[in-house]
Structures are given as structure tokens and as C-alpha cells.
Amino acid sequence: MSLLKRFFFLPLFIILACLFFFPYKQVIAFYFEDSDRLIAFFPIAESQTFQIVYTHSIHFTDVVETYTIFEKELVLTELMYENFAVGMPSNAEGNEVFEQRDGKYAITNMNRRFQTIDLRIGQVRANHRLIYKGKEVVLGEKIGYGKWVRIVPTRISLWQQLKGVNIIDE
């Protein structure tokens with residue numbers, strides 16, 4: 001191979017490899033348990049919000065957790081529920097605000113930060129759903145009922161996007 005071809009193909013190969021394997025797209029990723037096996041994801045920009053909704057196992061009403069992404073962390077900003085049953089808070093802490101809205105209870109102004117969230121997708125009643133930009137996705141249908149996933153705000157490459165399932169923009 002001539003020297004000119006080497007100088008042409010090597011930089012081209014490096015550029016294509018970088019484009020294919022460089023993690024550039026901000027997403028919420030769902031990994032299988034505590035592994036690096038990407039199951040699903042959805043693209044999200046910093047400071048955008050999404051919600052995880054589930055049916056509480058004791059009082060059988062919906063609980064809505066609202067999260068935003070800030071500096072590579074999931075930040076729980078609001079919790080809304082209908083019933084003061086077992087496992088639900090009865091008041092706000094610190095700078096949080098407890099209020100009643102439309103017959104539901106809400107804790108707002110929350111700033112609870114998580115690097116990851118482990119979730120066992122309910123098989124019977126929980127019916128975990130993801131709501132983002134007005135679209136609702138049943139996590140059990142997309143990921144599998146009973147699966148343990150680790151939810152992580154991260155950046156992924158084009159290669160990872162091809163291996164995973166975009167559960168919002170399928």
C-alpha cells in the first residue's frame with residue numbers, strides 16, 4: 001500500500017471509529033441489573049424532566065415521581081400520590097413544600113439526588129410507566145416484567161444506540 005493511501009485511510013478510520021464509539025448522546029439508560037449491559041434508553045437533555053409512575057402495592061393508587069437530569073445525576077424534584085398509606089410520606093423535609101392539588105398530595109421543591117436508581121419492574125400491580133414529553137411507555141412491555149434494572153443518566157455512543165432499544169422513539 002502506498003504511503004499516500006496509508007495517510008488517507010488511517011485518519012479516515014480514526015474519525016469513523018470516534019464517531020461510532022464516542023459517547024455523545026445524553027440519555028437515561030436502563031442497564032440489566034448492575035452490569036454494563038444496556039437494555040433500553042431514551043434521549044434526554046440536561047434539565048429536562050421525566051416521570052416514573054407506578055401503582056402502590058398497598059393502597060393501589062398511582063404514585064408519580066418527577067425527575068430531572070442535573071450534572072450527571074437524577075434529581076427527584078416532585079412526588080405526587082393520592083393516599084397516606086404505608087410507605088408514603090406525610091410531610092415535607094427541609095425546603096420541600098407539601099401541598100394538596102386536585103385531590104392529590106404533592107411534595108415539591110425536592111432536591112434528592114441519585115447517581116443511579118435500581119428498579120424491579122413490577123409483575124403484578126406496580127405497572128411501572130415512564131412519561132416523557134407527553135408519551136407514556138409501560139416499562140414491563142418494553143424491558144420485561146420482573147426485571148431488575150439500573151437507571152442511569154449517561155452518554156452513549158452510536159454503537160450503543162444500535163445495540164439498545166430507544167423506548168420513546170422506536
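**Rings and strands**

Reply: Searching the whole structure gives 9 aromatic pairs; rings of Phe, Tyr and Trp (its six-membered ring) pair if their centres lie within 6.5 Å, with planes under 30 degrees apart called stacked, over 60 edge-to-face and the rest tilted. The model is predicted: local features need pLDDT of at least 70, side-chain atom pairs count only at pLDDT 80 or more, and totals for chains, interfaces and linings use all residues. Residues are numbered from 1 along each chain as its sequence is written, and side-chain values use heavy atoms, leaving out hydrogens and water.

Me: How are the rings of Phe20 and Phe21 arranged?

Reply: Phe20 and Phe21 are edge-to-face, at 5.2 Å centre to centre and 90° between the planes. Phe98 and Tyr105, by contrast, have planes at 15° and centres 6.0 Å apart, so this pair is stacked.

Me: Which residues do ring pairs link into a cluster?

Reply: The cluster consists of Phe30, Phe42, Phe50, Tyr67 and Tyr132.

Me: With which strands does β10 pair?

Reply: Strands are DSSP runs of E, at least two residues, numbered from the N terminus, and two of them pair if DSSP finds at least two bridges between them. Strand β10 (residues 129-132) is antiparallel to β3 (residues 49-55) over 3 bridges, with Leu130 as the partner of Ile52. β10 also pairs with β11 (residues 135-138), in the antiparallel sense over 4 bridges; there Arg129 is partnered by Val138. The β10 and β11 hairpin has 2 residues between its strands, and Lys133 in the turn has a positive phi of about 50°.
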